[in-house]
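User: Hi! Could you walk me through the aromatic ring pairs in this model?

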Amino acid sequence: ALVCEAGCVLETLDQHLDQYGMMMPLDLGAKGSCLIGGNISTNAGGLRLLRYGNLHGAVLGLEAVMANGQIVDCMSTIKKDNTGYHLKNLFIGSEGTLGIVTKVAIQCPTRPKAVNLAFLGLDDFDSVLKTYLLAKKELAEILSSCEMMDDQSMGISVDMIGLKNPLGERHKFYMVIETSGSNQIHDEEKLTSFVERAMGDGLIKDGTLTGDPTKMQ
C-alpha cells in the first residue's frame with residue numbers, strides 16, 4: 001500500500017509508483033494538479049473506475065481532522081479488516097463536511113505491461129450503448145476504460161484547443177476504449193477482433209487503434 005499525505009499531487013504519486021512497477025488506481029484529466037486528499041473527499045471516479053473500482057475499495061485507511069481539532073485515526077494498510085466500523089468510508093465523498101483528510105493509505109495495482117487504445121466514431125447513442133456492452137463481453141478482463149464524447153465536444157477540442165481529430169471525418173459520437181494486460185500481442189489481437197465485430201454489426205463507422213504510448217497522450 002502507498003501511504004502519503006493529502007497534499008500530494010495525483011500525477012506525482014503515479015510517477016513515484018512507476019519505479020516500483022505499480023500505479024495509482026485513479027486516473028483523471030486533472031491529475032497534474034489535483035490532490036489526493038481532494039480526490040478522496042469527492043470520491044473521484046476517474047477514467048479507470050471500470051477496472052479498479054471506486055475509492056471506497058482502494059482506500060485502506062485514512063487520517064482526518066474534525067472541525068473541533070480532534071484527529072480521527074483510521075490508518076491501516078490491511079485489505080481485509082473486520083475490526084469494527086469502517087469509519088474511513090464516512091470521509092470518502094463527504095467533501096470535507098465531516099473533517100479534512102490529512103493522510104491516506106491506498107492499495108495500488110501492478111502497472112500493466114501492455115496498454116492499447118481504440119478511438120471509434122459512431123452515428124448514434126444507441127450504438128454507443130451497444131458497443132459498450134459488446135466491449136464488456138468481448139474484452140472482459142483486459143478492458144480498463146471506456147469513455148464517450150459527442151460531436152460538439154470534439155468540435156470544441158479541434159476548433160478551440162487545436163487538437164486533431166484522429167479519424168479525420170466527424171461523427172455524431174466518439175468512444176475511447178482502453179485495454180491493459182500483460183501480453184501486448186494477445187491484447188492487440190483481442191481489441192482488433194472486437195473492433196472488427198463491432199464494425200461488422202454496423203455499430204462503429206470508423207476507428208483507429210494504437211499501442212504506442214506517445215500517441216495516447
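Analyst: Happy to! Buried means under 20% relative accessible area, exposed over 50%, and partly exposed in between (1.4 Å probe, protein chains only). The model is predicted, so local features need pLDDT of at least 70 and side-chain atom pairs pLDDT 80 or more, while totals for chains, interfaces and linings use all residues. Residues are numbered from 1 along each chain as its sequence is written, and side-chain values use heavy atoms, leaving out hydrogens and water.

User: How many aromatic pairs are there?

Analyst: Rings of Phe, Tyr and Trp (its six-membered ring) pair if their centres lie within 6.5 Å; planes under 30 degrees apart count as stacked, over 60 as edge-to-face and the rest as tilted. By this rule the count is two.

User: What is the angle between the planes of Phe119 and Tyr174?

Analyst: Phe119 lies in strand β5 (residues 114–122) and Tyr174 in strand β7 (residues 173–181), 55 residues apart; helices (H or I, at least four residues) and strands (E, at least two) are DSSP runs, numbered from the N terminus. Phe119 is buried at 12% relative accessibility, and Tyr174 is buried at 1%. Their ring centres are 5.6 Å apart and the pair is tilted, with the planes at 35°.
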